[in-house]
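Biologist: Hi! Could you walk me through this model, starting with one residue and its neighbours?
Modeller: Happy to. Here it is.

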Amino acid sequence: MSTPYPFTAVVGMDDLRLGLLLNAVSPAVGGVLVRGEKGTAKSTAVRALSALLPGVPVVAGCRFSCAPGAPDPDCPDGPHENTGGVTRDARMVELPVGASEDRLVGALDIERALAEGVKAFEPGLLADAHRGILYVDEVNLLHDHLVDLLLDAAAMGASYVEREGVSVRHAARFLLVGTMNPEEGELRPQLLDRFGLTVEVAASRDTDQRVEVVRRRLAYDDDPAGFAARWADEENELRERIVAARALLPAVRLGDPALRQIAATCAAFEVDGMRADIVMARTATALAAWAGRTDVTADDVRQAALLALPHRRRRNPFDAPGLDEDKLDDTLRESGTEDGDGDGDGPGPDGGGGGGLPPQRDGDGTPGDTPPREEPPADGSDTPAPQEAGEGGPAAPGGGREQPAAKAAEPFRTRMLSVPGLGEGAAGRRSRARTEHGRTTGSRRPQGALTKLHLAATVQAAAPHQRARGRSGRGLVVRRDDLRQATREGREGNLVLFVVDASGSMAARQRMGAVKGAVLSLLLDAYQRRDKVGLVTFRGKGAEIALPPTSSVDAAAARLDTLPTGGRTPVAAGLLKAHEVLRIERMRDPSRRPLLVVVTDGRATGGPDPVALAARAARLHEAEGVASVVVDCESGPVRLGLAAELAQRLGGTAVTLDELRAESIAGLVKDVQSSSPRRAA
């Protein structure tokens with residue numbers, strides 16, 4: 001077994017370490033979601049936590065980790081009467097993003113169940129994680145059907161496996177820890193709310209701290225065992241402190257003033273439901289126990305709010321998680337419960353910034369504090385914001401006056417957008433597809449392990465052979481060749497690629513604001529339906545990929561918000577760039593079907609015969625059967641109808657900007673494209 005990186009050797013990351021340690025002290029807090037850019041020790045810290053947890057007493061030989069003093073009466077390995085107990089190390093079970101349903105919840109041997117009447121059950125990851133940690137790296141990329149199973153288990157504290165009338169239940173109470181990179185997409189709100197705490201991590205900009213990170217990592221890679229041995233004393237000290245905090249936790253008093261402060265804070269930030277209040281109360285109690293106190297202070301409540309509320313205050317998918325600390329402090333003061341325990345402005349309950357974490361050591365083993373985190377200047381000079389287009393010069397690329405970015409109009413609800421035909425893409429909520437989940441449409445012989453039994457088809461296949469197999473009695477004699485796999489139809493996610501005209505002819509701020517509002521509405525719909533999105537813009541002399549295809553609609557909305565306009569209208573360049581993007585994505589993920597949304601007035605300019613070039617580029621998409629729609633942004637009393645001609649070349653449909661709110665693009669795409677015989681296959 002490989003030696004894990006020591007938890008106490010992680011440099012900085014105070015909020016991350018505190019969030020994990022509070023869950024170690026009080027698993028009832030409900031887990032932690034770690035959000036941050038790649039390469040910030042998210043997974044390293046989580047994996048190191050399991051080595052600090054106390055041992056778990058279990059019934060000897062039980063695959064479901066029943067407690068000796070209170071075994072699960074429904075345990076599939078039970079009943080456990082007068083069975084001795086043993087103590088094992090706490091487990092951290094990792095759920096891969098691509099895991100199957102059977103790997104998560106367990107598998108029933110349907111063949112033995114039908115032929116022998118035996119419940120042969122192989123436990124899954126939920127059983128392994130019972131009374132331990134269930135860790136999901138890149139949790140935002142987890143398939144929807146696995147998310148649903150996790151939600152059920154987290155809500156009920158048990159896992160149910162049912163296959164054609166055969167069912168098994170076992171306890172599944174675990175500490176849920178997830179890590180994610182927000183650039184790759186956000187979590188469903190239901191799963192987001194299941195995480196008790198959330199922390200944001202980012203790489204330090206302090207040179208000394210970065211040097212220390214590299215020094216420790218190189219030392220660990222050269223000699224993992226020796227490096228861990230040098231940190232053994234700190235690890236033991238932290239482990240003993242966790243045990244002491246757990247023992248103190250039942251004695252911690254959460255008085256009415258602190259409860260009122262918690263309720264006032266949750267109400268002020270308008271969080272949904274009551275889970276936030278409960279999580280804040282448990283977190284504040286754990287903070288007091290971690291600091292060695294038996295009373296919850298105002299500082300505990302403030303720190304609990306900073307950990308428990310940021311991911312619960314999002315009102316829509318494009319809201320960045322976070323908490324207004326000035327508003328938090330005002331709420332705490334107005335609640336009238338700060339009685340001298342602190343003014344709420346300190347770094348933590350012990351004044352240690354990381355919730356009273358033990359001091360770290362330098363790479364040479366000498367005691368020393370972690371290098372301080374460098375704060376950016378008030379003017380943000382070390383992390384300059386991107387210069388807004390139009391400020392750097394009077395002219396746009398390719399000629400014409402460049403205009404600053406227009407503000408998007410208010411988004412609106414769109415109707416269902418779908419690609420016609422029957423796909424086989426990743427699970428989603430948009431277009432029809434053959435999937436592992438959904439309504440049963442037929443049966444086939446299983447290829448590999450049987451996952452979804454079609455009972456009627458299996459009985460029909462076995463029935464003619466009963467006499468030849470010497471059947472006697474009421475049971476049905478079933479052979480492996482009789483088994484039939486159910487084929488199902490559900491929904492898939494698609495790739496929605498936006499091609500947006502940012503030329504001078506689109507520069508009227510009111511028009512561009514309306515266009516951005518329409519695209520933002522479709523981005524919101526894509527988020528809800530689990531699509532990938534991409535953004536290509538064209539203006540001046542060419543086109544650029546503003547956002548490669550991604551699952552993060554937040555990133556697409558951010559790119560759209562800062563999109564400037566100006567210059568000529570190279571429609572052909574935009575369509576050719578979109579063709580290149582779709583070609584590459586087709587190689588990466590051939591089963592994900594695309595939808596092309598072109599937003600333009602169709603007035604191609606620049607170069608020799610730009611209209612003919614645009615027509616030839618459009619025919620490339622039409623020849624490959626790409627479902628498409630053109631949003632006609634032309635306005636004024638005289639309209640040339642060039643966008644409609646472009647849509648005809650694409651083999652799609654056009655809709656004017658005025659029609660966007662009255663009849664959504666999505667509805668028109670569905671109606672017009674479904675009438676195309678070539679694409680309906």
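**A residue and its contacts**

Modeller: Leaving out residues up to four places away in sequence, Ser26 touches Leu249 and Ala286. Keep in mind that this is a predicted model.

Biologist: Thanks! Where is Ser26 found?
Modeller: Ser26 lies in the loop between helix H1 (14-25) and strand E1 (32-36).

Biologist: And is Ser26 buried or exposed?
Modeller: Ser26 is buried, because its relative accessible area is 7% and the cut-off for buried is under 20%.

Biologist: OK, zooming out. How many helices and strands are there in the chain?
Modeller: The chain has 22 helices and 20 strands.

Biologist: What share of the residues counts as buried?
Modeller: That would be 50% of the 681 residues. The chain exposes about 31,200 Å², and carbon and sulfur atoms supply 50% of that area.

Biologist: What about contacts between residues 24 or more positions apart?
Modeller: Such pairs make up 78% of the contacts in the chain with a separation of 6 or more.

Biologist: Changing topic: how do strands E16 and E17 run?
Modeller: Strand E16 (residues 532-539) and strand E17 (residues 542-550) run antiparallel, and six bridges join them.

Biologist: Which residue in E17 is the bridge partner of Arg539?
Modeller: Arg539 has Gly542 as its partner there.

Biologist: And what sits between E16 and E17?
Modeller: Two residues, as the strands form a hairpin. Gly540 is in the turn and has a positive phi of about 65°.

Technical notes
Residues numbered from 1 in each chain as written. Predicted model: local features only at pLDDT ≥ 70, side-chain atom pairs only at ≥ 80, totals over all residues. Heavy atoms only, no water. Helix = DSSP H or I, 4+ residues; strand = E, 2+ residues; numbered from the N terminus. Buried < 20%, exposed > 50% of the residue type's maximum accessible area, 1.4 Å probe, protein only. Contact = heavy atoms within 4.5 Å. Areas by Shrake-Rupley, 256 points an atom, 1.4 Å probe, with all protein chains shown as cover. Pairing = 2+ DSSP bridges.
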